[in-house]
Amino acid sequence: MKNFIIAYDIFDKKRLPKVKKIAYSYALGGQKSAVEAPLDARLMKTLVKELIEIIEDEDKVNIIKVSEPILLGKASTITYKNNGVIII
């Protein structure tokens, strides 16, 4: 899995909660309209399919690959045996 930031700007207030619910269902955490999510190819395909069914032309959704967790919100990291990171 790779880490991604899902950032969205939804024009219609009725669509916004739907997009937020989908984005947060994949997320480790986030703030307002940007969330961090670990996704593999299958999850990415599912996420995009779900979003395409809701968003309109005036909406914007960006899915950005990041190499390390960005830690949106109150998250912090703990290095685990120098082999990985735990996000709290």
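I take contact to mean heavy atoms within 4.5 Å. I also take helices (H or I, at least four residues) and strands (E, at least two) as DSSP runs numbered from the N terminus. Axes are lines fitted to C-alpha atoms, for helices over the stretch in contact, and angles run from 0 to 180 degrees between N-to-C directions.

**Entry 1. The model**

I note that this is a predicted model, in which local features need pLDDT of at least 70 and side-chain atom pairs count only at pLDDT 80 or more, while totals for chains, interfaces and linings use all residues. Residues are numbered from 1 along each chain as its sequence is written, and side-chain values use heavy atoms, with hydrogens and water left out.

I looked up the confidence, given as pLDDT, the predictor's confidence in each residue from 0 to 100. The protein chain has a mean pLDDT of 81, and 76% of its residues reach 70 or more. Among its elements, H2 has the highest mean pLDDT (93) and strand E6 (residues 84-87) the lowest (45). The pLDDT is below 50 over residues 84-88, a stretch that has 18 contacts in the model beyond near neighbours in sequence.

**Entry 2. The chain as a whole**

I counted two helices and six strands in the protein chain. Along the sequence they follow the pattern β-α-β-β-α-β-β-β. Among contacts between residues at least 6 apart in sequence, 64% join residues at least 24 apart.

I then looked up the surface, using the Shrake-Rupley method with a 1.4 Å probe, where for residues only the protein chains shown count as cover. The accessible surface of the protein chain comes to about 6400 Å², and 54% of this belongs to carbon and sulfur atoms. For single residues, buried means under 20% relative accessible area, exposed over 50%, and partly exposed in between (1.4 Å probe, protein chains only). Of the 88 residues of the protein chain, 25% count as buried.

**Entry 3. The sheet**

Which strands form the open sheet, and in what order? I found four strands in the order E2-E3-E1-E4, with antiparallel pairing; two strands pair if DSSP finds at least two bridges between them. E2 and E4 are the edge strands, each pairing on one side only. From one strand to the next, the twist averages 25°.

I went through the pairs in turn. E1 (residues 2-9) and E3 (residues 34-39) run antiparallel and are joined by six bridges. Along this pair, Phe4 stands opposite Ala37, Ile5 stands opposite Glu36, and Ala7 has Ala34 as its bridge partner.

Gly29 stands opposite Glu36 in E3. Two residues lie between the strands in the hairpin of E2 and E3, where Lys32 takes a positive phi near 45°.

**Entry 4. The helices on the sheet**

I found helix H1 (residues 16-26) lying across E1, E2 and E3, at about 170° to E1. Helix H2 (residues 41-52) packs on the sheet and touches E1, E3 and E4; its direction makes about 140° with that of E3.

**Entry 5. The core**

A nonpolar core is a set of buried Ala, Val, Leu, Ile, Met, Phe, Trp, Tyr and Cys residues joined through side-chain atoms within 4.5 Å. The largest one here has 16 residues, of which Ile6, Val19, Ile22, Tyr26, Leu39 and Leu47 touch the most other members. E1, H1, E3 and H2 each supply at least two residues of this core. Leaving aside neighbours within four places in sequence, I found Leu47 in contact with Ile6, Ile22, Tyr26, Leu39 and Ile63.

**Entry 6. Two single residues**

Is Ile54 buried or exposed? Ile54 is in the loop between H2 and E4 and is buried, with a relative accessible area of 17%. Beyond four places in sequence, Ile54 has contacts with Arg15, Lys18, Val19 and Ile22. Ile54 and Lys18 are 36 residues apart along the chain, and their C-alpha atoms are separated by 7.5 Å.

I looked up Met1 as well, in the segment before E1. Met1 is exposed, with a relative accessible area of 68%. Not counting residues up to four places away in sequence, Met1 touches Pro38, Leu39, Asp40 and Leu43. From C-alpha to C-alpha, Met1 and Ala37 are 9.5 Å apart.
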